[in-house]
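Here are some friendly notes to read with the model open beside you. Take the points one by one and find each place as you go.

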Amino acid sequence: MEIAVYKPYGDHEFQSLIERIHPPRVCIDNDTCRNCTIVKVDSANKHGILLEMVQVLTDLDLLILRSYICSDGGWLMDVFHVTDQLGNKITDESLIHYIEQAICASRRGSREVQTCVGRNIRPRHVSMEHTAMEMTATDRPGLMSEISAVLAELGCHVSGAVAWTHNKRAACIVYMEDDLKHGPIMDPYRVAQIQAQLENVVEAHHYEGERRSVRLAAPAASQTHTERRLHQLMAADRDYEQCCSCGYDSSGDDVAHRQKKGSNSTEVKIENCKEKGYSIVTVRSMDRPKLLFDTICTLTDLQYVVFHASISSFESIAFQEYYVRHKNGWTLDSESERRRMIQNLMAATERRVSHELRLDVTTQNRVGLLADVTRVFRENGLSISRTEVGVQGEQAVGTFYVKDTSGQAVTSETLEIVRREIGGTVLVANKSSERPSSQPTNLSNTSPSISTSSSSSSSNGKQDNKPGFSLGSMFWSQLEWLSSNFRPIKS
């Protein structure tokens, strides 16, 4: 028997009326939980709103410890348990006010939010005032060095950059401005010249027919979040194709994948809840910074709507359970669609994982700095697997994950040469971005800091989460609790 699936009426004027009658409510609760702040959101629903709310919290470097999502019937009630990077509650009134403003603005699709936190809210590699260069190519040692050298030679001042590598593919976004005019590069002839030179670099080591792309984009206020755009670039480049081989049982109702790299591997499982018309997507993986953001990005860009979800963690393991349906109403029924979902979720969890040596660099900002730093790495036999570079005042700040191109461990002599040639401050972290099991769990954004430690968060006490947490067993009891605990917006 087929299950009828009902979708909300799609009249935009009607939706606008509902929003005016019932505007979003955001409650910041510091009383209910002893160890964390609870952010509760009550609002009319729309596709992508969950990602926008998570993005607001992660761009503030808040750690999302747990989350409960409920958005059936065209209305959402979402709860996030958050702390700052030191494991403390959110008590700064200006920060609380900003969260309330930003989440409400994201619901309305507005970008006009008063910045009252006393710092730049956007991650340091995001720039909406400069020209953006997007590139995908086959990963190889020295690629970032060659790209930044061309930009320096052409008089392009890099204001921010972020690059990932995964499954022998590379993607990067570089924000730049004209060194002479100190603004975005708008001249069509100059844009074409820069793009042609960059395409020459990318094509130099490619075989005929290999995938590659270079694109320059003018600044726009509606630019996609940089890290979400990187996910989109790598997915379009099909980096997920080598992620997994999916196994199917005889019933066809269950799909699971586990990376065979140890007991702490990633597992993605898909089941169909035929009675309710949902697909249940479960992701079990090592917990790490920005994991929730990466997963929600993938589900949203695959056009799936999250109706219910439970996100929790136990020690160093993260558990994510999503009740989803495609925005057109169907569930994950076909083998190809399930395989695509699993591969994309696997790729999303892997792209940001770095096992290489982390170097945090701080030095005086100047034209050609990124070219000089990456040249030093290349000349000393170091290859970059991931990087985030930006500007803070007069200082350039960058985090580089590097490895020796020969496959050997990076020696202390090499690090000393790198320190001396780069100048400024170069701090070494012996761990990658994955958090040791002795540190607390989180599923949110922690931008790498300029320190000698890993880019994970500080301790905030033990959590009471249990493994194997299932949304099906707690949904109705939690729904009553969620409804009774919503409070008016703080004045």
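**Notes on the model**

1. Let's begin with a pair of strands: strand 16 (residues 382-392) and strand 17 run antiparallel and are joined by ten bridges. Strands here are DSSP runs of E with at least two residues, numbered from the N terminus, and two strands pair if DSSP finds at least two bridges between them. Within strand 17, V402 is the residue that stands opposite I384. Strands 16 and 17 form a hairpin with two residues between them. In that turn, G393 has a positive phi of about 65°.

2. A word on the ground rules. This is a predicted model, in which local features need pLDDT of at least 70 and side-chain atom pairs count only at pLDDT 80 or more, while totals for chains, interfaces and linings use all residues. Residues are numbered from 1 along each chain as its sequence is written, and side-chain values use heavy atoms, with hydrogens and water left out.

3. Which strand is joined to strand 17 by eight bridges? That is strand 15 (residues 357-364), and strands 15 and 17 run antiparallel. Look for D360, whose bridge partner in strand 17 is T399. Strand 17 (residues 395-404) is mostly covered, with eight of its ten residues buried. Buried means under 20% relative accessible area, using a 1.4 Å probe and protein chains only.

4. Now move to K40, a residue of strand 2 (residues 37-44). Is K40 buried or exposed? K40 counts as buried because its relative accessibility is 1%. Its side chain makes a polar contact with the side chain of D29, at 3.3 Å. A polar contact is a pair of N or O atoms within 3.5 Å; within protein, one must be able to donate a hydrogen and the other to accept it, and residues adjacent in sequence count only if both atoms are side-chain atoms.

5. How many disulfides does the structure hold? It holds zero, a disulfide being a pair of cysteine sulfur atoms within 2.5 Å. C36 is in no disulfide, and the nearest cysteine sulfur, that of C33, is 3.2 Å away. C36 is buried, because its relative accessible area is 1%. C156 also counts as buried, at 2% relative accessibility.

6. Finally, confidence. The chain has a mean pLDDT of 79, with 74% of its residues at 70 or more; pLDDT is the predictor's confidence in each residue, from 0 to 100. Over residues 259-263 the pLDDT is below 50, and this stretch has six contacts beyond near neighbours in sequence. Contact means heavy atoms within 4.5 Å.

Technical notes
Helices (H or I, at least four residues) and strands (E, at least two) are DSSP runs, numbered from the N terminus. Buried means under 20% relative accessible area, exposed over 50%, partly exposed in between (1.4 Å probe, protein chains only).
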